[in-house]
Amino acid sequence: MINKSIIIADDHPLLLKGLSDFIIEKGYNLIGGGNDGREAFNLINKLKPDIAILDIQMPFMSGIEIAKKCNSNGIKTKIVLITFHKEKELYAQAKDLNIFGYILKEFALEEIENCIQTVSQGNPYFSPKIKELLAENMIDDGTLNVLTPSEKKILKLIAKDKTNKEIASQLFISYRTVEKHRSNIIVKLKLEPKTNSLLIWAKEHHDKLQ
């Protein structure tokens, strides 16, 4: 396998050094390191590495923002995000941006080599650990059976980006009824009552809602 060029960025000096030392020790071609998002993007823009391993939260620009900027500038560097954060929203954002890797910092040293090898072959690597934590794709028909037919209809429309007002109009029910159904669905699916948690869940599982 061709030894791909790699840059890394993390605003925690010890984590940056630990990761750098590990990558070099394993014989990978590390060509640069940054301490914040702006530095990271400048390195990517200048050196055009094959792979960039980025902390998801850094000063000036987050890993997600760097990935968006790379996309809009046509930069082909494969982005791998490392994070302490386990929120579904961030994970969903990373997948939507076609990010190539997503690993948790506490498992970074045990997963990074596997991740680099997988990404080097052109395949995405999403940490099995975070998939377990988020129970991604662990939905089965039994999960949906807790919902009423009306709630399932509303969930399908949410997956299609319909607003509460549009759903109310389409199903000939009141806006308040839609809101009540949404609250019930969130409780039944054991979702966190955060903004967009239901939308993200509906989009992730839209194929099960057909």
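Author: A disulfide is a pair of cysteine sulfur atoms within 2.5 Å. This is a predicted model, in which local features need pLDDT of at least 70 and side-chain atom pairs pLDDT 80 or more, while totals for chains, interfaces and linings use all residues. Numbering runs from 1 along each chain as its sequence is written, and side-chain values use heavy atoms, without hydrogens or water.

Now count the disulfides. The structure holds 0. Turn to the partner. Cys 115 is in no disulfide either, with the sulfur of Cys 70 as its nearest, 16 Å away. Are these two residues buried or exposed? Cys 70 is buried, because its relative accessible area is 1%. Cys 115 is buried as well, at 1% relative accessibility. The cut-offs are simple: buried is under 20% relative accessible area, exposed is over 50%, and partly exposed falls in between (1.4 Å probe, protein chains only).

Now widen the view. The chain has 11 helices and 6 strands. These are DSSP runs, numbered from the N terminus (helices: H or I, at least four residues; strands: E, at least two). Of the 210 residues, 43% count as buried. The C-alpha trace spans about 60 × 30 × 30 Å along its principal axes.

Follow strand E3 next. It covers residues 51–55. Ile 53 lies in this strand. Ile 53 counts as buried because its relative accessibility is 1%. Its C-alpha atom is 38 Å from that of Arg 182, a residue 129 places away along the chain.

Look at the loops on either side of E3. Lys 48 sits in the loop between helix H2 (37–47) and E3. The phi of Lys 48 is positive, near 45°, and the residue is not glycine. Most residues other than glycine have a negative phi. Lys 48 is partly exposed, at 48% relative accessible area. Phe 60 is exposed, because its relative accessibility is 54%.

Move on to helix H8, residues 149–159. Six of its residues are buried: Glu 151, Ile 154, Leu 155, Leu 157, Ile 158 and Ala 159. An α-helix has 3.6 residues a turn, so residues three or four places apart point the same way. Asp 161 follows H8 and has a positive phi, near 65°. Lys 162 lies in the loop between H8 and helix H9 (164–171). Lys 162 is partly exposed, because its relative accessibility is 32%.

Lys 162 also belongs to a group. With Lys 153, Lys 156 and Lys 160, it gathers in a surface patch of positive charge. Such a patch takes residues with over 30% relative accessible area and no salt bridge, joining like charges within 9 Å.

End at helix H11, residues 197–204. Lys 203 lies there. It is partly exposed, at 36% relative accessible area. Ala 92 is 111 residues away along the chain, yet the C-alpha atoms of Lys 203 and Ala 92 are separated by 9.4 Å.

How values were computed. Patches are made of residues with over 30% relative accessible area and no salt bridge: like charges are joined within 9 Å, nonpolar side chains (Val, Leu, Ile, Met, Phe, Trp, Tyr) within 5 Å. Accessible areas come from the Shrake-Rupley method with a 1.4 Å probe; for residues, only the protein chains shown count as cover. A salt bridge is a side-chain nitrogen of Lys or Arg within 4 Å of a carboxyl oxygen of Asp or Glu. Lys and Arg count as positive and Asp and Glu as negative; His and the chain ends are not counted. The place of a charge is taken as NZ of Lys, CZ of Arg, CG of Asp or CD of Glu.
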